[in-house]
Amino acid sequence: MNWTNTLFEVIDMRSFSNLWFWIALAVFWSSVSHWVLGVPFDMIQKARKMGGQAEVDLHDMVRINVNRLLYIGQVSGLVLLAFLSFFLTSMGILAFVYDVEFAQAVFLLGFPMTIVGALSLSTAKVIAAQQPEGEALFARLSKHRVITQFIGMISIFITAMFGMYQNLAVGPGF
């Protein structure tokens, strides 16, 4: 037996049976649901509880991040959409036509994130148009976070089911 076979037996290089993939998936969705439009959720909670300067800081952070998101969408949105469409289509074809496991893992991470990105852009447009303050802003940001967490739960469930299927169907890969 040569050293590469031994290495690949000791270190599992497949995505869905690799512990690091599942750790990365958990950290990824935890981070995505913590940062609501670029604002940490604990800052939203602090502004809701304390008011005053914490609320002013929250309004400033939301205004800055909403303007940033809308600017990026206006200036390079079409280019980003084209690139993202190309990337996701390539990953989808590699994943489900050519059965490349790494592409399957990347697609299952990337596709739901595009939904969260579109949701973030939509929420930013609503906030820019309505200019909510106080409890209305807290409610809008909390709603965005709950929807993001729901998307994350569905994504993790689908990824886990698909990963278990892959592990059972493909086997250990020696």
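Predicted model: local features only at pLDDT ≥ 70, side-chain atom pairs only at ≥ 80, totals over all residues.
Leu80 counts as partly exposed because its relative accessibility is 46%, where buried means under 20% relative accessible area, exposed over 50%, and partly exposed in between (1.4 Å probe, protein chains only). You will find Leu80 in helix H4, which covers residues 52-96; helices here are DSSP runs of H or I with at least four residues, strands are runs of E with at least two, and both are numbered from the N terminus.

Residues are numbered from 1 along each chain as its sequence is written, and side-chain values use heavy atoms, with hydrogens and water left out.

Now turn to helix H5, where Leu108 lies. Leu108 counts as buried, because its relative accessibility is 11%. Setting aside neighbours within four places in sequence, Leu108 is in contact with Phe16, Ser155, Ile158, Thr159 and Phe162, contact meaning heavy atoms within 4.5 Å. Leu88 is 20 residues away from Leu108 in sequence, and their C-alpha atoms are 9.9 Å apart.

How does the length of H5 compare with what its residues should span? Helix H5 runs over residues 101-130, and at 1.5 Å a residue its 30 residues should span 44 Å; the end C-alpha atoms are 44 Å apart, so the two agree. The expected span is 1.5 Å times one less than the number of residues in the helix. After H5 comes Gln131, with a positive phi near 50°.

Stepping back to the whole protein, you can count six helices and two strands, arranged along the sequence as α-α-β-β-α-α-α-α. The C-alpha atoms fill a box of roughly 70 × 35 × 25 Å along the principal axes. The radius of gyration is 20 Å, whereas a compact globule of 174 residues would have one near 16 Å; the radius is taken over C-alpha atoms, and the globule rule is 2.2 Å times the number of residues to the power 0.38.

Of the 174 residues, 34% count as buried. Among contacts with a separation of 6 or more, 72% come from residues 24 or more positions apart.
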